[in-house]
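Please work through the following exercises with the sequence and the model side by side, and try each task before reading its solution.

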Amino acid sequence: MPSLVLLANPLPLLSQPALLAQVSQPDPSNPANKGAEVYCFMRKAGNDHEVSWSAAYALIKRQSASLFKTSPEHAAVMITEAVVKSPDAFPDCGRFLGALYGSEKPTPLRTDIPASGSTGPVAIPSGGGTTRRDRYSY
């Protein structure tokens with residue numbers, strides 16, 4: 001009879017709220033979680049993928065304790081795992097994860113803006129002379 005009582009009671013491990021809270025909270029010292037936090041925060045703040053990715057990847061590379069450099073592919077997987085493992089810690093970040101794998105195309109440079117006093121791209125005049133196509137046709 002005592003063994004049936006043990007089976008009828010819920011498991012103590014799953015019924016303790018403190019342990020459940022630990023499962024959903026990411027480790028703040030883990031570079032993957034820090035990278036996911038930076039990437040998700042910047043994307044939600046309106047930054048594009050390239051800027052957000054550069055910041056997150058730089059953080060992961062600098063704070064990883066590995067002897068080898070973290071590849072961009074591995075860093076993307078690390079961020080994805082962190083977001084999927086703790087979706088409550090990174091709300092609404094799942095919609096940005098596809099950009100880590102190329103679903104979001106980079107925005108093209110605008111050449112219709114006048115270059116007066118700017119450091120942006122400058123249009124190359126195509127009237128007479130060498131064009132970009134001619135310059136690289138060997």
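**Surface and overall fold**

The chain exposes about 10400 Å², of which carbon and sulfur atoms supply 61%; accessible areas come from the Shrake-Rupley method with a 1.4 Å probe, and for residues only the protein chains shown count as cover. This is a predicted model, in which local features need pLDDT of at least 70 and side-chain atom pairs count only at pLDDT 80 or more, while totals for chains, interfaces and linings use all residues. Residues are numbered from 1 along each chain as its sequence is written, and side-chain values use heavy atoms, with hydrogens and water left out.

**Exercise 1.** Find how many helices and strands the chain has.

Solution. Take helices (H or I, at least four residues) and strands (E, at least two) as DSSP runs, numbered from the N terminus. The count then comes to seven helices and zero strands, and reading along the sequence gives the pattern α-α-α-α-α-α-α.

**Exercise 2.** Decide whether T70 is buried or exposed, and list its contacts.

Solution. First locate T70, which lies in the loop between α5 (49-63) and α6 (72-85). Next apply the cut-offs: buried means under 20% relative accessible area, exposed over 50%, and partly exposed in between (1.4 Å probe, protein chains only). T70 counts as buried because its relative accessibility is 8%. Finally, with contact meaning heavy atoms within 4.5 Å, and leaving aside neighbours within four places in sequence, T70 touches Y57, I60, K61, S64, A75 and M78.

**Exercise 3.** State what share of the chain is buried.

Solution. Of the 138 residues in the chain, buried residues make up 23%.
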